[in-house]
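Here is a short report on helix packing and ligand contacts. Please look over the sequence and the model first.

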Amino acid sequence: MSKRQFEKSRIVIVGGGAGGLELATRLGDKYGRKGKLEITLIEQNRTYVWKPKLHEIAAGSMDIGAHEVDYLAQSYWHGFRYRVGEMIGIDRDRRQVQVAPHLDAEGREVTPKRTFDYDVLVLAVGSQNNDFGTPGVADHAMKLETQADARLFHERMVNACIRAHAQSSPLGVHQLKVAIVGAGATGVELAAELQRTTHEVVAYGLDQVDPQKDIRITLIEAAERVLPALPERVSKETEKLLARLGIEVLVGAKVAEVGADRVSLTDGRTIPAELIVWAAGVKAPDFLQDIAGLETNRINQLVVRPTLQTTRDAGIFAIGDCAACSWGERGNVPPRAQAAHQQAAHLFCQLPRFLQGKPLDAYRYRDFGSLVSLGEFSAVGSILGALIGSNLVFEGMFARMMYLSLYKMHEYALHGLVKVTLNTLARLINRRTEPHVKLH
Ligand SMILES: Cc1cc2nc3c(=O)[nH]c(=O)nc-3n(C[C@H](O)[C@H](O)[C@H](O)COP(=O)(O)OP(=O)(O)OC[C@H]3O[C@@H](n4cnc5c(N)ncnc54)[C@H](O)[C@@H]3O)c2cc1C
């Protein structure tokens, strides 16, 4: 490809999440601002929040306004175009992405059905909950995939606390019960965060509720231990910490059905609950199934080569949770923010090479371990696995600091040092003047 053709090239990225937004920002900074490449991000939402923070929004310990990124402003500052809308199809012959009409809350059309031409397409559309066909999940369980889900959960949690307060008799009969299905990182983090924030909400004057007696959080896991994807030592430490927090953990417990006010297990037990959250596994979005004849696996992920190009079209790449990328004998690269981040960094270097007709390097996943947050003062996890060949298990304040630094690194990739420092200071000041938990 000549220099002139390279400079005209259009890179379209669909999905502005952990992987897609970092990629658009970095490509925009280096090539978009100077007009060397045309970078377009197509995203169905207007604002972005890092998904691993959703459990904190749900529990009310994080103010979403202080952390959300406005896509339009980000695109303006970083040299890429942002187009709001939901991708509904791809025409591989014409090299076009089809985007559905975008409607406002009252159903009025904001943008019509549109198509976008590309020379290179990157799909980074993430994942969604997998209920494995369990009856009642769609109707009765909440999920934690989007900002809207997290906000809805928070509202219901505060309402449940107020209801428990209003209905308590002097004998204290009303309880607030939460059941979380799935003790992976999302379920464990939500349980720990909720334990703390429900106690805080109650402390703001809901004195008819006795937090020790009236709040019950149950974590239900089908595997024989919590955090089944992490090393066994991490699970053991986590179970000890959850017990200390007063969270009930049921392992080897398979869910048969979810009802409006209960979770039924296959062994006949019933767990009563006002709030039920389903956090038991993910799959790529259903619309990817057979999209434009691209190869997908049984959980709808796009199968990619080691270069992250889809197997049936070298001009279409996939990254993050929606990509099935081999990790050798260990199966596929796990659906984690660190994988999405690494793959975005890899494509940042490789896409210009692709456009210049140069051979591409293979992507290799480097596992730096996993950290799971257990509330304000503690975290647990294994780190440095890729560096020293074995896992070191950490717990407590140090692990918590490591956990927080992951988010800072992501923010740094999006905003740079000055803005991250100023934002951090602003949040510290706000924390001194506002309640530590969101009360509405
Ligand atoms: C509650 C929770 C806690 C988590 N905690 C951790 C953690 O502690 N550590 C960790 O490593 N990982 C964690 N994860 C997983 C991590 O968030 C994901 O692995 C990561 O976000 C994947 O990045 P991604 O870019 O592939 O997708 P996402 O970040 O999910 O972004 C996908 C984007 O695509 C957009 N999109 C989807 N479909 C379309 C469409 N048709 N058209 C246009 N746009 C579309 C979505 O709106 C979204 O913005 C957690 C996930 C959750 C839900």
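## Helix 2 against helix 11

Helix 2 and helix 11 (residues 337–355) pack with their axes 9 Å apart, at an angle of about 35°. Axes here are lines fitted to C-alpha atoms, for helices over the stretch in contact, and angles run from 0 to 180 degrees between N-to-C directions. Helices are DSSP runs (H or I, at least four residues), numbered from the N terminus. The crossing of helix 2 with helix 11 is right-handed: the near helix is turned clockwise from the far one by less than a right angle.

Helix 2 contributes E22, L23, R26, L27, K30 and Y31 to the contact. Helix 11 contributes H341, A344, A345, L347, F348, L351 and P352. Contact means heavy atoms within 4.5 Å. By class, the contact of helix 2 with helix 11 has nine nonpolar, one polar and three charged residues. Ala, Val, Leu, Ile, Met, Phe, Trp, Tyr, Cys and Pro count as nonpolar, Asp, Glu, Lys and Arg as charged, and the others, Gly among them, as polar.

## Basis of the model

The model is predicted: local features need pLDDT of at least 70, side-chain atom pairs count only at pLDDT 80 or more, and totals for chains, interfaces and linings use all residues. Residues are numbered from 1 along each chain as its sequence is written, and side-chain values use heavy atoms, with hydrogens and water left out.

## Helix 2 against helix 5

Helix 2 (residues 20–32) also packs with helix 5 (residues 71–78). Their axes are 8 Å apart, at an angle of about 30°. The two helices are therefore roughly parallel (angles under 35 degrees).

L21, T25, G28 and D29 of helix 2 meet Y71, Q74, W77 and H78 of helix 5. The contact of helix 2 with helix 5 divides into three nonpolar, four polar and one charged residue.

## Helix 7 against helix 8

The axes of helix 7 (residues 147–167) and helix 8 (residues 185–203) come within 10 Å and cross at roughly 50°.

In helix 7, F153, M157 and C161 meet L194, T197, T198 and V201 in helix 8. Five of the contact residues are nonpolar, two are polar and none is charged.

## Ligand surroundings

A side-chain N or O atom of E43 is 2.7 Å from an oxygen atom of the ligand. For the side chain of Q44, the distance is 3.0 Å. P335 places a backbone N or O atom 3.2 Å from a ligand oxygen atom.

Conventions. Polar contact = N/O pair within 3.5 Å; in protein donor to acceptor, adjacent residues only side chain to side chain. Parallel < 35°, antiparallel > 145°, perpendicular 65-115°, else oblique.
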